[in-house]
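Please look over the structure shown here. A short report on it comes after.

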Amino acid sequence: MNYTKGEWEVEPIIKGETYIILTKYHRYELARVFIHNGEQKTNAHLMASAPDMYEALDCILRSWTLWGKVTQPDIINARKVLAKAEGK
């Protein structure tokens with residue numbers, strides 16, 4: 001699957017109104033969130049966690065396929081990714 005690898009993060013442009021999603025290390029802008037319904041920050045965090053969610057789910061499915069169970073590190077990582085998606 002082709003997508004911009006690496007960690008993504010959220011930064012406000014106009015606090016409470018507009019947020020950007022960027023790559024953490026190279027600072028490439030990936031998207032802007034303009035939805036003015038009070039959910040723009042939440043939506044931006046959810047979008048920024050997409051690569052991490054993809055990787056976490058891939059690890060969980062690999063563990064399940066190979067060993068018939070999900071490993072403790074996979075569960076810890078999944079919780080970390082969900083916290084990022086929630087903006088924590």
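## The model

This is a predicted model. Read every contact and angle below with that in mind.

## Helix H1 and its buried face

Helix H1 covers residues 40-48. Its buried residues are Gln40, Ala44, His45 and Ala48. Seen down the axis of H1, these buried residues fall within an arc of 135°, so they line one face of the helix. An α-helix has 3.6 residues a turn, so residues three or four places apart point the same way.

What do the buried residues of H1 pack against? Three strands are among the partners: S1 (8-14), S2 (18-23) and S3 (29-33). Helices H2 and H3 are partners of these buried residues too.

## H1 against H2

Helix H2 takes up residues 50-67. The axes of H1 and H2 come within 4 Å and cross at roughly 45°. That angle makes H1 oblique to H2.

Which residues meet here? H1 contributes Leu46, Met47 and Ala48. H2 contributes Ala50, Pro51 and Met53. By class, the contact of H1 with H2 has six nonpolar residues, no polar ones and no charged ones.

## H2 against H3

Helix H3 spans residues 72-85. The axes of H2 and H3 come within 9 Å and cross at roughly 160°. Angles over 145 degrees count as roughly antiparallel. H2 and H3 are therefore roughly antiparallel to each other. The crossing of H2 past H3 is left-handed.

On the H2 side, the contact is made by Asp52, Met53, Ala56, Cys59, Ile60 and Ser63. On the H3 side are Asp74, Asn77, Ala78, Val81, Lys84 and Ala85. The contact of H2 with H3 divides into seven nonpolar, two polar and three charged residues. Met53 of H2 takes part in this contact, and Met53 also meets H1.

## Serine 63

Serine 63 lies in H2 and belongs to the contact with H3. Is serine 63 buried or exposed? Its relative accessibility is 5%, so serine 63 counts as buried. The cut-off for buried is under 20%.

Leaving aside residues up to four places away in sequence, serine 63 touches Gly68, Lys69, Val70, Thr71 and Asp74. Asp74 is also one of the H3 residues in the contact with H2.

## Arginine 27

Where is arginine 27? Arginine 27 sits in the loop between S2 and S3. Its phi is near 65°, a positive value in a residue other than glycine. At 37% relative accessibility, arginine 27 counts as partly exposed.

Terms used. Residues numbered from 1 in each chain as written. Predicted model: local features only at pLDDT ≥ 70, side-chain atom pairs only at ≥ 80, totals over all residues. Heavy atoms only, no water. Axes fitted to C-alpha atoms, helices over the stretch in contact; angles between N-to-C directions. Helix = DSSP H or I, 4+ residues; strand = E, 2+ residues; numbered from the N terminus. Parallel < 35°, antiparallel > 145°, perpendicular 65-115°, else oblique. Contact = heavy atoms within 4.5 Å. Nonpolar A, V, L, I, M, F, W, Y, C, P; charged D, E, K, R; others polar. Left-handed = near helix turned anticlockwise from the far one by under 90°. Buried < 20%, exposed > 50% of the residue type's maximum accessible area, 1.4 Å probe, protein only. Arc of directions from axis to C-beta.
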